[in-house]
Amino acid sequence: MTPIRRIESRVAVFSGENIDTDQIIPARFLTTTQREGLGQHCFADWRYDQEGKERPEFALHRPELRNAGVLLAGRNFGCGSSREHAPWALLDLGIQVVISTQIADIFRNNALKNGLLPIVVNAEQWQAIAGFETQTIAVDLERQQIELPDGQTIAFEVEGFARQCLLRGVDQLGYLLAESAAIDTFEKAA
């Protein structure tokens, strides 16, 4: 995983509510345990027509959003099944941050464990961010704030342990392995 400290990226707005994990990565693409390559199937039913051609109206196909790393999603993003492939697909697509007024618990936990930063904001803050669609915003995990182009900042919280893992670019096991010397010292003293 790549450490997350500060991400500066354009923001893409997906205002639809209840975007579930089957819409993020349809079940027919869950034939692998590899993370790489899932991005091409992320939002597949919305991104491509029956012939496999890109739908130009899909937000991330707009030229100014092709490489957007921040997704501003509608309420209840990531609901549905617990598939870990959903954050994998978003990350492989280039999405590093998902911001919403409500993020499903299982999706949020899977995202945090895999290096995708989920952020919950209130409706007014969501609207403020949406006003800067296609523009570059900054998400500062160290300071736990979103910085908008007009100078406005929006505070957010990430659970402490998950935040440390994201800042270090490790998952839970990687964090423990990095602390193995301290664990050995503790065990010997006990």
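Q: Leaving aside neighbours within four places in sequence, which residues is V70 in contact with?
A: This is a predicted model, where local features need pLDDT of at least 70, side-chain atom pairs count only at pLDDT 80 or more, and totals for chains, interfaces and linings use all residues. Residues are numbered from 1 along each chain as its sequence is written, and side-chain values use heavy atoms, leaving out hydrogens and water. Contact means heavy atoms within 4.5 Å. Beyond those neighbours, V70 is in contact with S9, R10, V11, A12, V97, I99, I137 and V139.

Q: What distance separates the C-alpha atoms of V70 and V11?
A: V11 is among the contacts of V70. Along the chain, V70 and V11 are 59 residues apart. Their C-alpha atoms are separated by 4.8 Å.

Q: Is V70 buried or exposed?
A: V70 lies in strand 2. Helices (H or I, at least four residues) and strands (E, at least two) are DSSP runs, numbered from the N terminus. Buried means under 20% relative accessible area, exposed over 50%, and partly exposed in between (1.4 Å probe, protein chains only). V70 has a relative accessible area of 0%, so V70 is buried.

Q: Which elements do the buried residues of helix 3 pack against?
A: Helix 3 has H85, A86, P87, W88, A89 and L90 buried. These buried residues pack against helix 1 (21-24), strand 2 (70-73), strand 3 (97-100) and helix 4.

Q: Are helix 3 and helix 4 parallel, antiparallel, perpendicular or oblique to each other?
A: Helix 3 (residues 85-93) and helix 4 (residues 105-114) pack at about 50°, their axes 8 Å apart. Axes are lines fitted to C-alpha atoms, for helices over the stretch in contact, and angles run from 0 to 180 degrees between N-to-C directions. Under 35 degrees counts as roughly parallel, over 145 as roughly antiparallel, 65 to 115 as roughly perpendicular, and the rest as oblique. Helix 3 and helix 4 are therefore oblique.

Q: How many charged residues are in the contact of helix 3 with helix 4?
A: A86, P87, W88, L90 and L91 of helix 3 meet F107, N110, A111 and N114 of helix 4. Of the residues in this contact, 7 are nonpolar and 2 polar. The count of charged residues is: no charged.

Q: How far from C42 is the nearest cysteine sulfur?
A: A disulfide is a pair of cysteine sulfur atoms within 2.5 Å. By this rule there are 0 disulfides. C42 is in none, as the nearest cysteine sulfur, in C79, is away by 14 Å.

Key:
Nonpolar A, V, L, I, M, F, W, Y, C, P; charged D, E, K, R; others polar.
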